[in-house]
Amino acid sequence: MKILLPALSPTMETGNLVKWLVKEGDSVVSGDILAEIETDKATMELESPDDGKVEKILVKEGTENISVNTEIALLKVDGEEIEEIPEKPIAKSPQVSSNASEPLSSEVNISMNSLLNQTKENSGGKNWSEKEISMREALNQAIEEEMILDEDVFLLGEEVAEYDGAYKVTQGLLDKFGSKRVLDTPISEHGFTGLAIGAAMAGLKPICEFMTFNFSMQAIDQIVNSAAKSLYMSGGEINVPIVFRGPNGAAARVGAQHSQCFISWFSHIPGLIVIAPSNARDAKGLLKSSIRNPNPVVFLEHELLYKEKTKVPEENDFLIPIGKGNLIKEGKDVTIIGFSMTVQRILNALPSIEKLGISPDIIDLRSIKPLDEELIYNSVKKTNRVVIVEDGFGNTSFGSHLSYLIQSNCFDFLDSEIIKVSGKDVPMPYAENLEKLALPNTDEIVSAVKKVSYIN
Amino acid sequence: MNKKNKNNFTNDQLLKFYEKMFLIRKFEEKAAQLYGAGKIGGFCHLYIGQEAVVTGILSSINSEDTVITAYRDHGHILARGVDPKLVMAELTGRKDGISKGKGGSMHMFSKANRFYGGHGIVGAQVPLGVGIGFAHKYRNEKKISRVYLGDGAMSNGQVFEAFNLASLWELPVLFIIENNKYGMGTSIGRSAAGGELYERATVFGIKGEKVDGMNFFNVSESAIRGREYIEKNSKPYIIEMDTYRFRGHSMSDPGLYRTKDEVNKMKEIDPVLMMKETLLNDYNIQEDMIKDIESDIKKQIKDVEKFSLESPLPDLKELYTEVYL
């Protein structure tokens with residue numbers, strides 16, 4: 001029987017073989033632990049699927065980036081013949097992917113990193129000491145640095161402490177700061193969100209993690225009515241310096257109740273700041289700025305971006321200002337606007353767009369509220385054409401508002417209708433093909449660009 | 001001569017508490033009048049009938065303790081020592097209101113007086129108050145977060161989440177249920193199953209009691225017990241106040257859900273009158289002293305009214321300020 005590297009989470013594509021707990025020749029029974037596998041989220045134990053003898057170990061411990069479904073060992077099960085399998089080098093197989101969504105930037109021609117390198121840094125122009133790390137690590141660094149700098153910053157949420165974070169973003173923070181400042185909560189969003197807001201009213205600076213923003217709906221009243229409105233209602237007396245953060249939007253095959261983009265919901269509310277970074281560098285700089293901000297900030301991450309790497313400054317004074325978008329690619333023919341995961345979707349479509357002889361401005365909004373209107377309008381006045389890409393439902397969406405803003409501020413500059421490529425107005429389906437269809441895809445983005453450019 | 005009371009308040013202290021109760025009563029009567037005259041808009045929830053609760057609790061408060069409550073908050077912010085002029089000017093929606101006219105009756109705050117509102121969503125103030133208690137503990141402050149809630153909030157889910165968190169994390173919180181028997185127009189019997197309301201917190205390991213909330217002295221004694229328990233055990237405590245509101249839920253409440261007889265019967269144990277009688281009969285306080293206090297308050301209320309009506313409306317530019325800091 002072949003033992004394959006299993007997919008141990010919805011987003012796992014590769015894993016690391018940390019340790020074998022058996023050796024060749026060992027007898028095992030079903031359920032015995034064979035090995036420790038490190039996934040994108042945690043270190044998990046691999047159990048024996050049957051009774052038998054470990055015939056051959058095919059992948060040495062310590063091997064990293066093994067694709068899901070790679071054969072890692074052979075188990076001789078009673079009454080089963082073993083076929084000889086020659087040892088072969090382990091490499092990431094490009095065709096195997098458990099991820100139903102589009103390939104990410106690292107797998108297409110244009111990487112986020114190369115674009116960020118070309119972009120003028122708008123956070124001081126300093127020569128930073130940089131290291132390539134994932135968004136997950138970048139967020140972790142941001143939290144750690146701010147917790148070191150300010151005693152009033154603390155972190156709470158479900159599984160953020162002893163479990164090391166459901167998505168490993170808060171890994172190691174409990175050990176560094178102790179249980180006074182890194183708190184596991186009960187599954188009690190309405191209660192702990194209210195508690196965190198109350199603590200912020202009394203002067204602390206909580207980072208309130210939602211395991212996913214879908215669960216923030218349990219606490220939407222506290223976010224909208226208590227956090228967002230108190231400064232205004234109190235005539236400036238009570239501010240609420242809090243960050244609500246966690247993954248937002250559709251991950252991979254987790255169904256309707258766990259796959260929704262809430263950008264349109266939160267950006268509707270006066271008093272909330274809304275951030276949606278697309279890469280590790282922005283995530284770190286913006287999360288640090290958010291923690292230091294005296295207002296309530298809704299910081300929307302994306303699970304599929306957690307593992308994506310870019311160069312990130314290591315200095316603790318690296319900040320990206322809230323309210324500044326990023327022109328990640330400069331062109332002349334059309335302005336394509338995205339944020340969070342949709343920036344990746346736009347980059348996936350870029351080769352096809354360029355093949356048409358179209359050179360786009362690509363804007364990564366980064367901040368949804370406040371919005372970098374100047375950057376958007378300057379680009380639109382140059383290109384005269386606009387495509388907006390958003391993952392959220394199209395009906396009464398943020399993209400709708402953005403297209404309103406553009407037409408009212410750049411009316412005389414537009415040579416075409418504005419096209420919005422949104423998520424479809426359906427609850428997220430589970431089936432791989434339907435999920436893919438529900439989200440904005442390359443073809444839709446390319447078609448939109450063609451349409452605003454009057455190309456058939 | 002000073003009759004022995006368990007809290008050993010001096011006559012001067014007792015007169016101060018009476019003054020506060022009388023101030024709240026007269027303030028609210030004036031608010032009702034101004035509402036009737038169209039000078040106060042929107043919702044206006046009066047505290048008349050419940051004065052012994054906030055005053056009795058006040059008698060146990062260390063000056064640094066914090067307070068948070070729901071929307072029936074006029075009495076609470078006055079008890080916390082905020083200038084009645086600023087409170088009434090908020091009710092009339094004027095520039096000099098405590099929230100600059102942008103909050104209204106239900107949304108008043110004062111950090112200096114450690115009063116954290118003034119919240120309009122039933123139950124929402126309870127997790128918030130637990131969070132304020134969290135901040136006290138986090139900073140090793142010897143403060144107690146005092147969290148008021150009504151009988152209506154006691155059937156609201158987040159309140160139980162807050163009880164669980166307060167007990168689990170051993171936070172210095174005194175929960176005070178003001179059970180005035182009606183959540184808007186629905187009587188407690190039609191909204192809450194099971195036994196006493198405070199017992200719903202005891203399942204989370206929170207100790208508590210129920211007391212006569214119409215009697216200042218009973219309230220005060222229980223509040224001091226609560227404070228001592230929290231200080232000694234570093235755990236939350238809950239007190240259910242048996243009280244009653246003499247006016248409607250808000251000014252626009254026709255009150256068809258209860259009989260006039262019931263209201264009149266409760267008025268026989270009017271907390272302000274009872275306090276006055278106790279001071280006269282049991283503490284040998286001279287009637288003149290009480291009369292002086294009352295006439296001072298009445299004069300003060302006239303000034304409060306004048307101030308609240310003369311203060312200008314907020315500048316129009318205020319519309320866009322204080323959305324963000």
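Reader: How does α4(A) pass α6(B), in a left-handed or a right-handed crossing?
Author: This is a predicted model. In it, α4(A) passes α6(B) in a right-handed crossing.

Reader: What makes α4(A) roughly perpendicular to α6(B)?
Author: The axes of α4(A) and α6(B), residues 157-168 of chain B, pack at an angle of about 70°. Angles from 65 to 115 degrees count as roughly perpendicular. The value of about 70° falls there, so α4(A) is called roughly perpendicular to α6(B). The axes lie 8 Å apart.

Reader: Which residues of α4(A) and α6(B) meet?
Author: From α4(A) come His190(A), Gly191(A), Phe192(A), Gly194(A) and Leu195(A). They meet Gly157(B), Gln158(B), Glu161(B), Ala162(B), Asn164(B) and Leu165(B) in α6(B). By class, this contact has four nonpolar, six polar and one charged residues. Gly counts as polar here.

Reader: How many residues does the whole contact take from each chain?
Author: It takes 32 residues from chain A and 31 residues from chain B. On the chain A side, α4 (189-201), α5 (220-228) and α6 (230-233) each supply at least two residues. The largest share of that side, ten residues, comes from α4(A). The chain A side divides into 15 nonpolar, 15 polar and two charged residues.

Reader: What makes β5 and β7 of chain A stand at the edges?
Author: The strand order is β5-β4-β2-β7 in an open, antiparallel sheet of four strands in chain A. β5 (43-47) and β7 (66-67) each have a single partner strand, so one side of each is left without a neighbour in the sheet.

Reader: How do you know that β2 and β4 of chain A pair?
Author: Strands pair if there are at least two bridges between them. Four bridges join β2 (residues 14-20) to β4 (residues 33-38) in chain A, so the two strands pair. They run antiparallel. Asn16(A) has Glu38(A) in β4(A) as its bridge partner.

Reader: What makes the bond between Lys369(A) and Pro370(A) stand out?
Author: Most peptide bonds are trans. The bond that joins Lys369(A) and Pro370(A) is cis, with omega about 0°. Pro370(A) sits in the loop between β20 (367-369) and α10 (373-383) of chain A. The bond from Gly117(B) to Gly118(B) is also cis, with omega near 20°. Gly118(B) lies in strand β2 (residues 115-118) of chain B.

Reader: What is the phi of Glu159(A)?
Author: Glu159(A) is not a glycine, yet its phi is positive, about 65°. Most residues other than glycine have a negative phi. Glu159(A) lies in the loop between β10 (153-157) and α3 (173-177) of chain A.

Methods
Residues numbered from 1 in each chain as written. Chains lettered and ligands numbered in written order. Predicted model: local features only at pLDDT ≥ 70, side-chain atom pairs only at ≥ 80, totals over all residues. Contact = placed C-beta atoms within 7 Å. Axes fitted to C-alpha atoms, helices over the stretch in contact; angles between N-to-C directions. Parallel < 35°, antiparallel > 145°, perpendicular 65-115°, else oblique. Left-handed = near helix turned anticlockwise from the far one by under 90°.
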